[in-house]
Amino acid sequence: MRTIYENYRGFKISKQESTYNAISSDHIIFSRWQLSQVLDTVDNYVEFTDNNSSSDAESGMPQN
């Protein structure tokens, strides 16, 4: 296994044989055939989770 990025948006990107893997500290794993695909998947995941967490905080009702 060859490491490509040690920390790409919180994921370790590596290549194992013909597959690129992205693994987070939370044990979220993405595997794709091309490096660009796995990086795009990580980008989409990070943007999706960031948008959901910020919209949840903004739309939440104040608690007394």
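Biologist: How many salt bridges does the structure hold?
Modeller: Two. Keep in mind that this is a predicted model.

Biologist: Which side chains meet at 3.0 Å, N to O?
Modeller: Those of R9 and D43. R9 lies in the loop between strand 1 and strand 2, and D43 sits in helix 1 (residues 35-59), so the pair ties together parts 34 residues apart in sequence.

Biologist: And at 3.9 Å, N to O?
Modeller: That salt bridge joins the side chains of R9 and E47.

Biologist: What do the salt bridges that share partners make of R9, D43 and E47?
Modeller: One network.

Biologist: Is D43 buried or exposed?
Modeller: Buried, at 17% relative accessibility. The cut-off for buried is under 20%.

Biologist: What about R9 and E47?
Modeller: R9 is partly exposed, with a relative accessible area of 39%. E47 is partly exposed too, at 40% relative accessibility.

Biologist: Switching to the strands. In which sense do strand 1 and strand 2 pair, parallel or antiparallel?
Modeller: Antiparallel, over four bridges. Strand 1 covers residues 2-8 and strand 2 covers residues 11-16.

Biologist: Which residue in strand 2 does Y5 stand opposite?
Modeller: I13.

Biologist: How many residues lie between the two strands of the hairpin?
Modeller: Two. R9 is in that turn, and its phi is positive, about 55 degrees. R9 is also the residue whose side chain meets D43 and E47 in salt bridges.

Conventions. Residues numbered from 1 in each chain as written. Predicted model: local features only at pLDDT ≥ 70, side-chain atom pairs only at ≥ 80, totals over all residues. Heavy atoms only, no water. Pairing = 2+ DSSP bridges. Salt bridge = Lys/Arg side-chain N within 4 Å of Asp/Glu carboxyl O. Buried < 20%, exposed > 50% of the residue type's maximum accessible area, 1.4 Å probe, protein only.
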